[in-house]
Amino acid sequence: MGNIKITKSETSKFDEIDWNNLGFGKYFGDHVYISDYKDGKWSEGEIVPYSDMSAEPALCTLHYGQTIFEGLKAFYSVDGGANIFRPDMNAKRLNVSAKTLCIPAYDEARFLEACHDLVLLDRKFIPKEKGQSLYLRPLVYGTGNFLGVHTSDTYRMIIMSSPVASYYAEGLAPLKILVSDQYVRTVRGGLGAAKTAANYAASLLAGTKAKEQGFAQVLWLDGVSLDYVDEVGAMNIMFVIEDELITPPLWQGTLLAGVTRDTVLKLADEMRLKVSERQIRISEVFKAHNEGKLQEVFGTGTAAVISPVGLLSHKRVEITINDFQIGPLAQKFYDVITSIQHGETKDERNWVMRVNF
Ligand code: COI
């Protein structure tokens, strides 16, 4: 750590930040990490000022979307310095996405070093309040200029940062979610397990329509039968039915292997909860509600952390979950995870990469 070449910015965007109104992804740190792939290898990479980037009209990524990204967070730690939460998981997942999009893999150790050094340099951008963080957004894209549909020979990796509060305006208050019975995000054999722009592009129309109707997001069902639950797009989804924690499985390759999803499953195991990673039909969820067995629904994600769902609407039938209150398990997971992230609880599981300053 600390070996990456740095060119410091002569100006700072720090004073433009409204710390009481951070929102998500509105403000950016002063520096970015950049590494380029050419002639079959990645350059060493360096940290430079955040600035405009030029692009030719023929930039292949703009046309065909050969791009992947990640999301991870650095937290202000109560014992000084910062904690980056489970960055090794993001380094690995980036390379899973890379494989799907025919992008050359990035060295995981270098990825971790870049995250560390960027956070250290832009540490004044880490918000001080609990639940807030410096979100890191690694992005890799093809930099070739051509119009034929094929992979690029050259790529760029960028890691940028953004001081953030809650992803949803609702904060930790329950969300209203529309279960899509018309649009699908992905299908088996598609890109669903990769963190790539196409999956988010696929969500825009349904998401916009859902927002117009007062919903925060869309819950996606499987792309063939529109029967089984997949995920929300910005988060994975979990149900508590008769004290059993149920979440859709990863094996079909249609949903993202969320880091927070994995964290919750590991904590649930430690808590000796009954946990099932299994397919679940949306009709089973609504039936469980009608029989009084659906106790909680919540989303998990790096941006979303733990986001309780208070209402689900499917084919114009609405169900209210746990009286539109956050449930005890969602609250417990939120508390345990955020206290590890902020260094209030000992990091017994080695989930935190320290940034000392
Ligand atoms: C994340 O949780 O990091 C995400 O990428 C979700 C969304 C902001 C795209």
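User: Which domains does the lining of the largest cavity draw at least three residues from?

Analyst: In this predicted model, the lining of the largest cavity takes at least three residues from domain 1 (5-165) and at least three from domain 2 (175-326).

User: What makes this space a cavity, and how much space lies in the largest cavity?

Analyst: A space is called a cavity when a 1.4 Å probe fits inside but cannot get out. About 110 Å³ of space lies in the largest cavity, and a search of the whole structure for cavities of 30 Å³ or more finds three of them.

User: How do you know which residues line the largest cavity, and which lie nearest its centre?

Analyst: A residue counts as lining when one of its atoms is within 4 Å of a grid point of the space. The largest cavity has 13 such residues, and those nearest its centre are K73, F85, T260, T302 and Q341. Two or more lining residues come from each of β6 (72-76), α6 and α8 (328-341), with β6 giving the most, three residues. By class, the lining holds six nonpolar, six polar and one charged residues.

User: Why is T263 called buried?

Analyst: The word buried is used for a relative accessible area under 20%. T263 has 0% relative accessibility, so it counts as buried. The residue sits in helix α6, which spans residues 259-270.

User: What makes the pair formed by T263 and V259 a polar contact?

Analyst: The pair must be N or O atoms within 3.5 Å, with one able to donate a hydrogen and the other able to accept it. A polar atom of the T263 side chain lies 2.7 Å from the backbone oxygen of V259, and this distance is within the 3.5 Å limit.

User: Which residues does T263 touch, leaving out those up to four places away in sequence?

Analyst: With those neighbours left out, T263 touches F85, R86, I337 and W351; to be called a contact, heavy atoms must lie within 4.5 Å.

User: Why is the largest pocket said to lie between domain 1 and domain 2?

Analyst: Domain 1 (5-165) and domain 2 (175-326) both give residues to the lining of the largest pocket, so the pocket lies between them. About 630 Å³ of space lies in this pocket. Its lining has 35 residues, of which Y167, Y200, Q217, G233 and A234 are the closest to its centre. Among the elements giving two or more residues to that lining are β8 (133-142), α4 (197-201) and β15 (294-301), while the largest share, four residues, comes from α5.

User: How do the residues lining the largest pocket divide by class?

Analyst: They divide into 17 nonpolar, twelve polar and six charged residues.

User: What is known of the second largest pocket, and which element gives the largest share of its lining?

Analyst: About 460 Å³ of space lies in the second largest pocket. Of the 20 residues lining it, Y50, R137, L139, I158 and M160 are the closest to its centre. The largest share of this lining, five residues, comes from β9, and the lining divides into 13 nonpolar, four polar and three charged residues.

User: How much space lies in the second largest cavity, and which element gives the most to its lining?

Analyst: About 40 Å³ of space lies in the second largest cavity. Its lining takes at least two residues from each of β15 and β16 (305-314), and β15 gives the most, with four residues.

Definitions and conventions: Residues are numbered from 1 along each chain as its sequence is written. This is a predicted model: local features need pLDDT of at least 70, side-chain atom pairs count only at pLDDT 80 or more; totals for chains, interfaces and linings use all residues. Side-chain values use heavy atoms; hydrogens and water are left out. Buried means under 20% relative accessible area, exposed over 50%, partly exposed in between (1.4 Å probe, protein chains only). On a 1 Å grid over the protein atoms alone, a cavity is a set of points where a 1.4 Å probe fits but cannot get out, and a pocket is an open set with protein on both sides within 12 Å along at least five of seven lines; lining residues have an atom within 4 Å of a point. Grid points are joined across faces, edges and corners, and a volume is the space filled by probe spheres set on the points. Ala, Val, Leu, Ile, Met, Phe, Trp, Tyr, Cys and Pro count as nonpolar, Asp, Glu, Lys and Arg as charged, and the others, Gly among them, as polar. Domain bounds come from an automatic or database domain assignment.
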